[in-house]
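Subject: Handing over a structure, with notes on what was found

Dear colleague,

Please look at the structure before reading on.

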Amino acid sequence: MRLQCEVEVRSRLLPACGLRGRAKGARALLSLGRPPDRPPGRGGPGAGHGVYLMVCTARDRAGARYKLKENIEQFFTKFVEEGKATVRLKEPAVDVCLSKANASNLKSFLAAVRLAHRGTDVEALPLSVLVPAKTSEVEKPKTKMIITSRRDYPLTKNFPYSLEQLQASYCKLARVDMRMLCLKKLRKLDLSHNHIKKLPETIGDLVGLQELNLHNNHLESFCVALCNSTLQKSLQFLDLSQNKIKALPVQFCQLQELIHLKLDDNELIRLPFKMGQLSQLRFLSAARNKLPFLPSDFRNLSLEKLDLFGNPFEQPNPLVPSIQLKIPLTLLESAARATVNYRIPYSRHLLPSHLCEDLEVAKTCQCGSACLSCFIQTTVTMNLHHVAHTVVLVDNMGGTEAPIVCYFCSLTCYSQFLDRYLQSNR
């Protein structure tokens, strides 16, 4: 019988010296059995006498052996459900401390150790042959791998299943390696400085992925499927800088756990319409893009640092609005406004998909009412310190202001805004 866990062997003879055995905090393979040169007996007075506990580690694959029959002073199993236990031996006077074990396997192993201690017939015990452990059995599972050249990239073997952090930069990858998408424990994935043009939807199956770095690739879009995936609940850091992205989908703002977002050096002509829904976002950089203005929802952000340097922002002119207002309102517009304003439930089972999509991107007037396709649009100046504690200058002139879009649901709302604007600029 075998058990993989972490082991620390503590001597009880020299506690003041802090003596620790050969397996301090080490990944180990524990075996319960008889030496290969001693065949199992047939019970009787000596039954169980030759049963040993062997502890093998990476530094000592041959293992240390401890006799078990009538040699256990005490079991400590209070935390066995957490995969922890201690076996106190009489001779030598050591405590074998087990941790990070599978709870079910640990219980079974301890039950067999108890039987061996009592001298149970060896034929009733699940024994193994006590042989040195293989390197793969005692090595600590690899959790981090860094690859920074094409030459070092693994072509013929899989990535270690236990990886939590993987960096594969400067490897000239044209696509995401599907073997990476089988790493269910992956938390950080760095594919920067490659030639990736498109992301597979299955990246969204990495349920624990917290950081995704795609800096300096050839991406032209960020697919909707990723925005609707489990990344909504896990992704906190996303670097899409230095790509060729022109726009992000409306659904991008469903990545509600984002804290750090980098969009520098792309070809963005607009930011996501519902940007303000990213309530956890604290660091945003979208420098050196092609942004003419910011979306109206941008004012709802609460950032620690914001960098919008080098964008060709337009000069706001509230006196020259874009009017897309129909009077009287169409039946579709009136019904859509009522649905959003009164929060009437809707779904794709009740409405056509295109109507649901239109409702999801409904604009909000400064009076708080919704408007769909009938509205008045203009831009006004916003001081970026209203949404960020630290602001990188927008231009070389030292400015910290940028134009933001405003929508109005009626002539009345626009007229009231215009009166306030003219009075404040007298």
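Arg179 forms a salt bridge with Asp177, with the closest N and O atoms 2.7 Å apart, and Asp177 counts as buried, since its relative accessibility is 16% and the cut-off for buried is under 20%. Please keep in mind, here and throughout, that this is a predicted model. A search of the whole structure finds 14 salt bridges, and a few others deserve a description of their own.

In one of them, the side chains of Arg288 and Asp265 meet at 2.8 Å, N to O. Arg288 lies in the loop between β15 (283-285) and β16, while Asp265 lies in the loop between β14 (260-262) and β15, so the pair ties together parts that are 23 residues apart in sequence. Both residues are partly exposed, Arg288 at 41% relative accessibility and Asp265 at 28%.

Another salt bridge joins Glu360 and Arg348, whose closest N and O atoms are 3.5 Å apart. Because Glu360 belongs to helix α6 (residues 353-360) and Arg348 to the loop between α5 and α6, this pair ties together parts that are 12 residues apart in sequence. Glu360 is partly exposed at 33% relative accessibility, and Arg348 is likewise partly exposed, with a relative accessible area of 44%.

Is Asn289 buried or exposed? Its relative accessible area is 4%, so Asn289 is buried. The side chain of Asn289 has a polar atom 3.0 Å from the backbone oxygen of Leu263, and the side chain of Asn289 also reaches the backbone oxygen of Ala286, at 3.1 Å. Leaving aside residues up to four places away in sequence, Asn289 touches Leu263, Asp264, Asp265, Asn266, Glu267, Leu268, Gly310, Asn311 and Pro312. Asp265, named in this list, is also the salt-bridge partner of Arg288.

Some details of the backbone come next. Most residues other than glycine have a negative phi, and most peptide bonds are trans. Against that background, the peptide bond from Glu91 to Pro92 is cis, with omega near -5°, and Pro92 lies in the loop between β6 (85-89) and β7 (94-99). A cis peptide bond also joins Ile327 and Pro328, where omega is about 0°, and Pro328 sits in the loop between β17 and α5 (331-341).

As for phi, Tyr170 has a positive value near 55° although it is not a glycine. Tyr170 is found in the loop between β10 (165-168) and β11 (188-190), where it is partly exposed with a relative accessible area of 48%. His193, which is not a glycine either, has a positive phi of about 60°. His193 lies in the loop between β11 and β12 (211-213) and counts as partly exposed at 23% relative accessibility.

On the surface, Leu319, Val320 and Leu422 form a nonpolar patch, with about 280 Å² of accessible area together. Val320 is found in the loop between β16 (303-307) and β17 (322-324), and with a relative accessible area of 58% Val320 is exposed.

Finally, here is the chain as a whole. The protein chain has 7 helices and 22 strands. Its radius of gyration is 32 Å, well over the 22 Å that the globule rule gives for 426 residues, so the chain is more spread out than a compact globule. The C-alpha trace spans about 105 × 50 × 45 Å along its principal axes. Buried residues make up 46% of the 426 residues, and the chain exposes about 22500 Å², with carbon and sulfur atoms supplying 50% of that area. Among the contacts with a separation of 6 or more, 50% are accounted for by residues 24 or more positions apart.

Technical notes
Residues numbered from 1 in each chain as written. Predicted model: local features only at pLDDT ≥ 70, side-chain atom pairs only at ≥ 80, totals over all residues. Heavy atoms only, no water. Patch = residues over 30% accessible without salt bridge, like charges linked within 9 Å, V, L, I, M, F, W, Y side chains within 5 Å. Areas by Shrake-Rupley, 256 points an atom, 1.4 Å probe, with all protein chains shown as cover. Salt bridge = Lys/Arg side-chain N within 4 Å of Asp/Glu carboxyl O. Helix = DSSP H or I, 4+ residues; strand = E, 2+ residues; numbered from the N terminus. Buried < 20%, exposed > 50% of the residue type's maximum accessible area, 1.4 Å probe, protein only. Rg over C-alpha atoms; globule rule 2.2 N^0.38 Å. Contact = heavy atoms within 4.5 Å. Polar contact = N/O pair within 3.5 Å; in protein donor to acceptor, adjacent residues only side chain to side chain.
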